[in-house]
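Subject: Structure for your review

Dear colleague,

Here is the structure I said I would pass on. My notes follow below it.

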Amino acid sequence: MAEGSNAIKQRNERYNKYVDTVTPKTSIPKALFHSFAVGGTTCVIGQGIGDIIMLISPAMSKDMVANITSMILVTVAILFTGLGFFDVIARQGGAGSFLPITGFANAMASASMEFKTEGLIFGTSVKLFSVVGPVVVNGIVWSSLAGLINLWILGMY
Amino acid sequence: MAVLQTIGTYATVFATGGTLCAIAELLIVRTKLTPARILVIFLIAGIILEGIGVYDTIFKVCQAGISVPIVGFGASLAKGSIDMARSVGFVGAFAGGLVRTAYGVGVAVVMSYIVTLVFSPRAK
């Protein structure tokens, strides 16, 4: 009995060593640098779009400039997803490509495209929020709570 | 002077946006957190920052560096909810976040649908 469990232990150790050798080693500093560069660049592009809109129509409110900026970023990211460019960026960028709002748009578009074969209603329409659902649901729940807390508790003071 | 100021702003935007993404990347490689969980963590961080009223101060310095990452989406949801709760009463808290972020989410849904109709998924 004891011998049997020992053999299993040895086998597991061998297996773990094998898994370690075949798992691709990602260099952490390199991955961090790529995320930093891709994420930073995306934010700079967003800033640039906002600045250009403000130059074109200086009368526009700050909120509207922010809205249009995110609409442009989202549209470009989704077009890039459709054309297949986004995958190239995402492979290098890691978190730099999914943390900005462009990553949110990409997750939505790629889920929608992936299930096109199952039909527009049961494929695309059902799966559209399958990746970004957690973000939308948690966003609505916790922001509603923030609004209520602000009104009922912070509003007293 | 104005040129220097613009360069400074863009450098700050690049640095903050990049740092946030590098933190997210570090969470991926060092912990077992999945991208979806990390997105939710950053989103809730944005809601909290807006809820306690410090987001505006950070935004004045970092600008797109904090508003383009998902943190800005959370802050925008919370700001909408708070503003509407204060203007129309507690029912506004449930609508405000959606109203404020509807521009981005709306265009994302419509564009995703159109892109799906136009393009076919490619092999990975």
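Of the 124 residues in chain B, 48% count as buried. Please keep in mind that this is a predicted model, and that the values below are computed from it.

Chain B on its own

The secondary structure of chain B consists of 6 helices and 0 strands. Along the sequence this gives the pattern α-α-α-α-α-α. The radius of gyration of chain B is 17 Å, whereas a compact globule of 124 residues would have one near 14 Å. Taken along the principal axes, the box filled by the C-alpha atoms of chain B is roughly 50 × 45 × 35 Å. Among the contacts in chain B with a separation of 6 or more, 59% are between residues 24 or more positions apart.

Where chain B meets chain A

The contact between the two chains involves 62 residues from chain B and 58 residues from chain A. On the chain B side, at least two residues each come from helix H1 (2-30), helix H2 (35-51), helix H4 (64-67), helix H5 (70-88) and helix H6 (92-118). H6(B) gives the most, with 16 residues. Sorted by class, the side of chain B that touches chain A has 43 nonpolar, 15 polar and 4 charged residues.

The nonpolar core

In soluble globular proteins, nonpolar side chains tend to be buried together. The largest nonpolar core here has 66 residues. Val74(A), Ala105(A), Met108(A), Leu43(B) and Ile70(B) have the most contacts inside this core. H5(B) gives the most residues to the core, with 9.

What does Leu43(B) touch, leaving out residues up to four places away in sequence? From chain A, Leu43(B) touches Val135(A), Asn138(A) and Gly139(A). From chain B, Leu43(B) touches Ile70(B), Phe73(B) and Gly74(B).

A helix pair in chain A

Two packed helices are described by the angle between their axes and the distance between the axes. In chain A, the axes of helix H2 (residues 28-56) and helix H4 (residues 85-93) come within 8 Å and cross at roughly 135 degrees. H2(A) is therefore oblique to H4(A). His34(A), Ser35(A) and Val38(A) make the contact from H2(A), and Ile89(A), Gln92(A) and Gly93(A) make it from H4(A). The residues of this contact divide into 2 nonpolar, 4 polar and no charged.

Best regards

Notes
Residues are numbered from 1 along each chain as its sequence is written. Chains are lettered from A and ligands numbered from 1 in the order in which they are written. This is a predicted model: local features need pLDDT of at least 70, side-chain atom pairs count only at pLDDT 80 or more; totals for chains, interfaces and linings use all residues. Helices (H or I, at least four residues) and strands (E, at least two) are DSSP runs, numbered from the N terminus. The radius of gyration is taken over C-alpha atoms; the globule rule is 2.2 Å times the number of residues to the power 0.38. A residue is buried if 20 or more other C-beta atoms lie within 10 Å of its own, exposed if 12 or fewer, and partly exposed in between; C-beta atoms are placed from the backbone. Two residues are in contact if their C-beta atoms, placed from the backbone, lie within 7 Å. Ala, Val, Leu, Ile, Met, Phe, Trp, Tyr, Cys and Pro count as nonpolar, Asp, Glu, Lys and Arg as charged, and the others, Gly among them, as polar. Axes are lines fitted to C-alpha atoms, for helices over the stretch in contact, and angles run from 0 to 180 degrees between N-to-C directions. Angles under 35 degrees count as roughly parallel, over 145 as roughly antiparallel, 65 to 115 as roughly perpendicular and the rest as oblique. A nonpolar core is a set of buried Ala, Val, Leu, Ile, Met, Phe, Trp, Tyr and Cys residues joined through C-beta atoms within 7 Å.
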